[in-house]
Amino acid sequence: MIKVALLHFCFEDYTIELANSLVKYVDLTLIHPEKISHNCSNVLDSSIRVISFKKPRIRDPRNLLSMVTMMNIIKDIQPDVLHVQETNDPWYDWTLLLNKMPPLVTTIHDVFRHPGDNITAFGSEYTRRIGFYRSQQLIVHTQQLKNILIEQFRISQEQVNVLPHGELGSLYRRRVNQNIQAREPYTLLFFGRILPYKGLKYLLEAMPLIAECIPEVKLIIAGRGESVRQYFPNGYDEKRYEIINDFIPTEEVGNLFQRSTVTVLPYIEASQSGVAALSYGMGTLVVASEVGGLSEIVQHKKDGLLVPPCDARTLADAIICLLSDRSLQQRMQTAALARCQQDLNWSNIAAQTVEVYQKTIKTRN
């Protein structure tokens, strides 16, 4: 059995579900900073070995000691493969450059920083590329990201593997509060970090157009980032908008998706989407911009609707079409849940990941 160390600093939801399925195929140890341990408690398979280490904030020079501790953990495990979920941490990147590493697989969720994303650590846009070149194999979630790595970073086609982002609904159903929320037939959800590339302004332009046809429509805006108030200089109608401009506790996330009939992703740029993966698993329909990796995730008119970006009228029309047609909703919901058992199923993704590990060991030997 292959011995695997799975290291992550973020993308906890993805890592939890991948680890829960991988442990059936490999001898697995999960390594992560102490501060994200609480997100993983109670939802990880009990047979997964978990090792935590202290990790200060990025500007803290004690990160040098933290990285020494991390490397000692990896050396003690002596894994056949080290699998790292992409990190925006320059301390890790320099550690990767200066140390002899086991055969390395890196999952890259975003090749470039999103427009307007000022949360990413200074310099990491450049240092994280070390991970691209030091890895024997890379995993991405869309063909578009594979093409970028091949064309712009000159990485060989054989090194880049496209594996879908698995569904996250089952994880959030395990976390959800016991009081199951009823589905609200005219409620829309805009969820996640609120940044310019998410295109919230186009959804807000579409709302009055939707309300003309569907007066009961309501939009939940949930997430932190930009202040949502800037979009409402004259205040807003509290019956039409529910705004939670803050971090959403994990146990509350599932409730928001259960309440909503449609998740709207009016993005102007996208690589992949954990929000779409969560929506599918929760049975919440998706209307998204046809940009980047979203056009590969959402199958237009099968399990969701795609619209051109930056077009409030077309976005409104798609949402009206979906909210007005119960049988269409049912068909798309059935198709989305079926995909959760097929290409978005974690057991299938874990099996494909093991194939990447086998390839990595062969190329390293």
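A crossing counts as left-handed if the near helix is turned anticlockwise from the far one by less than a right angle, and as right-handed if clockwise. All the close-ups below come from a predicted model, where local features need pLDDT of at least 70, side-chain atom pairs count only at pLDDT 80 or more, and totals for chains, interfaces and linings use all residues. Residues are numbered from 1 along each chain as its sequence is written, and side-chain values use heavy atoms, with hydrogens and water left out.

**View A. Helix 3 crosses helix 4 in the right-handed sense.** Helix 3 covers residues 63-77 and helix 4 covers residues 90-98; they pack at about 55°, with their axes 10 Å apart. (Helices are DSSP runs of H or I with at least four residues, strands are E runs of at least two, and both are numbered from the N terminus. Axes are lines fitted to C-alpha atoms, for helices over the stretch in contact, and angles run from 0 to 180 degrees between N-to-C directions.) The two helices are therefore oblique to each other; under 35 degrees would be roughly parallel, over 145 roughly antiparallel and 65 to 115 roughly perpendicular, with the rest oblique. Helix 3 brings Asn 63, Leu 64, Met 67, Met 70 and Met 71 to the contact, and helix 4 answers with Trp 91, Tyr 92 and Thr 95. Contact here means heavy atoms within 4.5 Å. By type, the contact residues are six nonpolar, two polar and no charged. (Ala, Val, Leu, Ile, Met, Phe, Trp, Tyr, Cys and Pro count as nonpolar, Asp, Glu, Lys and Arg as charged, and the others, Gly among them, as polar.)

**View B. Helix 9 meets helix 13.** The axes of helix 9 (residues 200-213) and helix 13 (residues 312-324) come within 8 Å and cross at roughly 50°. That makes helix 9 oblique to helix 13, and the crossing is right-handed.

View C. Two strands count as paired if DSSP finds at least two bridges between them.

**View D. Strand 1 pairs with strand 2 and with strand 4.** Five bridges join strand 1 to strand 2 in parallel, with Leu 28 in strand 2 as the bridge partner of Val 4. Towards strand 4 (residues 81-85) there are four bridges, again parallel, and Leu 7 has Val 84 as its partner. Four of the five residues of strand 1 are buried, so it is largely enclosed by the rest of the structure.

**View E. Strand 12 (residues 285-289) is largely enclosed, because five of its five residues are buried.** Leu 285, Val 287 and Ser 289 point one way, and Val 286 and Ala 288 the other. Strand 11 (residues 262-265) runs parallel to strand 12 over four bridges, with Thr 263 opposite Val 286. Three bridges join strand 12 to strand 13 (residues 305-307), also parallel, and Ser 289 stands opposite Val 307 there.

Methods
Buried means under 20% relative accessible area, exposed over 50%, partly exposed in between (1.4 Å probe, protein chains only).
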